[in-house]
Structures are given as C-alpha cells and as structure tokens.
Amino acid sequence: MSESQAKLKNLFHPGDGRIPPHLTGRQQEQSCFRDCVDILLDKASPDQNMIVYGPRGNGKTAMLRYLQKEALEKTDNRLEIAWVTPRKMETLEGLARIISGSSRKTLERIKSLGMSVGSGIAGFNAELDISGATAVTEELLQEKSSKTPFIIVVDEAHTLTPDMAGILLDASQNVRGEGCPFFLVLAGTPNLRTELRRANATFWSRSAIFPLGRLSSEEAQEALTIPLKRHKVTFEREVSVEVSRRAHRYPYFIQIWGDCIANRLVATGKRKVTMDTIMEVGKEVMFKCHGMYQDRYDELLELDLHRLAAHVGQAFSETDKTHIPDKEFRELVGKALQDQGVSVTYESILDNIRKLSNIGYVWEVVVAGDVHGEYPLLCYEPGIPSLMQYVGRQVLGQVRK
C-alpha cells in the first residue's frame, strides 16, 4: 500500500473521540473557547466557565481535543491545559495532583481538613468539609494560574459527584473573581445539567452553555467531502447530500460513512465517489452503525423505556414532523404511559422525558417564531431518526418485507 493510500485509509476516525479530519460547524463554541484563551494570555480571567453537553457521538470530545491542540500550538505552550475525567478526581488528593502535583504542603493542607489522603469527596457530609475542600482548591488554582494561565477540561462531567462539581464550580468562580487566569470547561451528556443543579453550585447556569446537537446538512456534507477532496477525491453530484441524509447529520455516522468510502476507494483504486459507491458500502455502514443502535436499545430496556420510546418514534414517523412542541410532546408521553397502564402524573411525564433526553433519544431544541418579535418555542426532535426506526422494529416486531 502506498503512502497516499495509507493516509486515505486512515483518514476518518469514527467512535473514539479523536480529532476528525475536518471539524465543521460549532462556530459559537469554538469562538468562545478561543476568546477565553486570548483573555488568559493577557493574564486576565474569563467572565464565565464553559459548559458543553449533548448526546454521545455528537462530537463534544473531538471538538474540545481539537481546540486544546490548536490552543497549545497557537500559544507555543504559554498556557497549560489539563484534560481529565471524573475518575481522576474522585478524591481531593486526585484533584490536587491534577492542579499542582503532590507537594508535602498540599497533602498537609488536605489532612488538616480531618481527611485521610485519598478519601473520597463523595463521603463529605459536613458543610465545613466542603468549604475546606473548596478553599484548598482555590489556593491551588491561584498558585498555579499565577505562574501559567491554566485550563481544566473535564470530559464525561455528568459523572462528577455533586460535591466535586460544586467544589470545582465554586472555586472557579472565586479565583476568576480575583482576576486569576483560569478557565473551567465541563463536557458531558444531556443529564449534565441535572447533575449540576444537584451540586448547588453558585451561578453555574450563568456559564457559557452550549448544547451540541446534530450538524446542519451543509456541515455534515463538509465533514465528509473536504477531507476526501484534499486527497484529490471527486464526488458525483448529489452524493454528499445522500450521505448526509442517510447519516441523519449525526457526526459519528458521518465518520463511519467517510471511513467506509475511503476504504472502498483504496480497494478499487478509484478517486471518484458515485452513487454506486454509496450502494457498495451501504451494508458495511449499517453493520458498523448497528452496535450503536443495540447499545441504545439495551439502555432503553434497562430503564424500561423501550415501549415509550417506540410510541414516541411512531408519533414522529406518522406525523412526519421534524419537531414536536413541548406541550404536545408532554401530552404524547402522558398518553403513552397511560396506555401502558402506568399511573400518570406531571412529575412522571417530566421524568420520562428527562430520561429519553439523557440518553439522546430525543433532543430539546428551540424553534424560532414565524412572526417578527414572537418568542421562540421549546420543542423536541429525534436525537437520531434512524434509531427511532430501529427501536420501533425491535419493540413492535416489524419485519421488512
């Protein structure tokens, strides 16, 4: 295999959070991060933390890794970025190591709280303990950022304990309020908002908050075509539109389509993608997508949401709607629960909608009003339309003839 073929074969990276060959869309999110980096380099503090949430596979990790790489290259390492997951900060000592290592002074300060080193934050009960842990975190962040502008990116932040989330957010607010060049980024699935509310952290909702949904049709096409065109691959008219449609503008599926197409081009030696190419790789794409479908369906089964999910999917399909207004959607869910013989309350309806949202089965969107000056309308749309079709077939036992 030539070097050119090898590069083409390894062009796309579906599923592992690696940086895509072309990051498309997400302009507001990228602009916010870059603006905050510029502020940090001036030894000043950004006004807000950054919170990014969205269903798995929508490119949160990939986008933030791209921005991290870009920032470090642009600034010639004049700032420091710590990329962490909650597993690395289950204890105060773990958080301390992330910020400034494990100096004797830091460990002694932790012990002064009446904790053994390495004891879990989740075990905190007394308000004094939380206040003390927050104070230690503030001291460490102040000392760290006084030497080098500092960013902490917490991926999978929806798995933070409420205590740790509160400590991070309160400490960030306090040190930024004192002008320290520090910036906190939290990224997670849609239930991140619920978990942050449980943390009772001051003003978390005033962060720069970005929900990441699916790409637009144009963005999805760019994510596929631009990387391949860089390798002198041409496209038959309407091919990219068809791939965007079949992938439902879902970033993970776009990467799968790109990977299968690139591998097909390497195998055939061709440099043009046609509608025949799409037909040739269709079964392989479906096989690779099936794993995600099955994982989500298993989640629905574990949560006993599969029947409700099928009902919701059927409603979208039968009405041919791209989105359903919040009031109508709540009525739809209530009727579905009632049909299942479940006792229906306003709280149970909201709880089930929240669960469907948290796993990305439905996605909350705001639809602009048609009339000038009209308030936007809260609605729900399918997280991935093809997932709804898959769930419906499993629950209803539909067999395609």
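User: How many of the residues count as buried here, and what does buried mean?

Analyst: Buried means under 20% relative accessible area, exposed over 50%, and partly exposed in between, with a 1.4 Å probe and protein chains only. In this protein, 50% of the 401 residues count as buried. Keep in mind that this is a predicted model: local features need pLDDT of at least 70, side-chain atom pairs count only at pLDDT 80 or more, and totals for chains, interfaces and linings use all residues. Residues are numbered from 1 along each chain as its sequence is written, and side-chain values use heavy atoms, leaving out hydrogens and water.

User: Which class does arginine 56 fall into, and why?

Analyst: Arginine 56 is partly exposed, because its relative accessibility is 36%.

User: Where does arginine 56 sit?

Analyst: Helices (H or I, at least four residues) and strands (E, at least two) are DSSP runs, numbered from the N terminus. Arginine 56 lies in the loop that links β1 (50–53) to α3 (60–74).

User: Which residues does arginine 56 touch, leaving out those up to four places away in sequence?

Analyst: A contact means heavy atoms within 4.5 Å. On that basis arginine 56 touches Thr189, Tyr250, Arg296, Glu299 and Ile359.

User: What joins the side chains of arginine 56 and glutamate 299?

Analyst: A polar contact is a pair of N or O atoms within 3.5 Å; within protein, one must be able to donate a hydrogen and the other to accept it, and residues adjacent in sequence count only if both atoms are side-chain atoms. The arginine 56 and glutamate 299 side chains have one of 2.6 Å.
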